[in-house]
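Thanks for taking a look at this one with me. Please open the model and keep it beside you as you read.

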Amino acid sequence: MSSPLRYLRGLSQSLKKLSPSLHSKVLNVANRSSELFMLKITDKGKGNKIDYSSVLFKTVKVRFSGNNNTITLGKNAKLLNVTIHVKGSGHKLLIGENCIIQNSKLWFEDDNSLIAIGAGTDMRGAAIAVTEPSGSITIGDGCLFAAGLDIRNGDSHSILDKTTGKRINYASDISIADRVWIGRDVSILKGASVSSESVIGTRSLVPGKQYPANVLIAGIPAKVVKENITWDAKRIYDNI
């Protein structure tokens with residue numbers, strides 16, 4: 001913590017018994033100052049906004065290279081070692097209440113795209129990118145994501161039909177429903193739709209297809225390997 005912040009924290013403690021109301025005001029200033037030190041914004045456009053209240057930042061970098069982009073962070077969200085690149089205009093990033101986003105990169109290109117992450121989702125190391133106009137990646141509530149995740153709705157570059165010269169690899173939206181648990185080092189490709197209460201096994205490659213709810217998905221390419229499952233973040237030993 002820098003010395004000005006240390007001074008404000010110390011001053012608030014000194015005022016705690018003498019003047020509780022003044023203590024509260026100084027502490028609020030210290031907390032807000034801490035947010036500013038932990039959140040670095042580079043804005044090379046116009047009309048860009050970040051809306052938040054009661055959010056914990058630690059080593060968060062946001063870079064805008066366009067106009068009229070909006071980042072909305074829900075109450076009590078935590079962003080720890082997160083980089084957000086917003087290239088283009090009209091993009092929206094929505095992060096729900098009580099989310100934990102850690103060691104992750106969120107990336108926008110072109111214009112008018114959306115990344116939405118639902119309330120209570122816990123993400124410990126992901127690269128998420130929307131790379132073409134009006135694309136979207138939506139993630140539901142209460143998801144649990146391990147490290148090494150790569151989620152992108154497009155290929156960034158073009159593949160062309162040699163005969164016609166037309167592009168054959170346009171982007172396609174990705175949807176991950178509520179309470180999906182994704183293991184380590186998983187790649188989720190354009191067009192994938194994963195339904196609620198499902199689990200994706202470690203190092204799986206999830207192609208652009210639709211998966212039903214309550215299934216275990218694994219493999220390269222990923223397929224349903226077990227049906228009628230659910231999951232719990234706690235270790236349960238009742239069946240031993």
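1. First, the ground rules. This is a predicted model, in which local features need pLDDT of at least 70 and side-chain atom pairs count only at pLDDT 80 or more, while totals for chains, interfaces and linings use all residues. Residues are numbered from 1 along each chain as its sequence is written, and side-chain values use heavy atoms, with hydrogens and water left out.

2. Arg167 counts as buried because its relative accessibility is 18% (buried is under 20% relative accessible area, exposed over 50%, partly exposed in between, with a 1.4 Å probe and protein chains only).

3. What does the side chain of Arg167 make polar contacts with? One partner is the side chain of Glu132, at 2.5 Å, and another is the side chain of Asn169, at 2.8 Å. Such a contact is a pair of N or O atoms within 3.5 Å; within protein, one must be able to donate a hydrogen and the other to accept it, and residues adjacent in sequence count only if both atoms are side-chain atoms.

4. Next, the core. The largest nonpolar core has 47 residues, and Leu79, Ile176 and Ile188 touch the most other members. Here a core is a set of buried Ala, Val, Leu, Ile, Met, Phe, Trp, Tyr and Cys residues joined through side-chain atoms within 4.5 Å. In soluble globular proteins, nonpolar side chains tend to be buried together.

5. Backbone geometry deserves a look too. The peptide bond from Ile220 to Pro221 is cis, with omega near -5°, and Pro221 sits in the loop between strand 21 (215-219) and strand 22 (222-227).

6. Two residues other than glycine are worth checking for positive phi. Thr59, in strand 3, has phi near 55°; Thr59 counts as partly exposed because its relative accessibility is 43%. Asp110 has phi near 60° and lies in the loop between strand 7 (100-108) and strand 8 (114-117). With a relative accessible area of 36%, Asp110 is partly exposed.

How values were computed. Helices (H or I, at least four residues) and strands (E, at least two) are DSSP runs, numbered from the N terminus.
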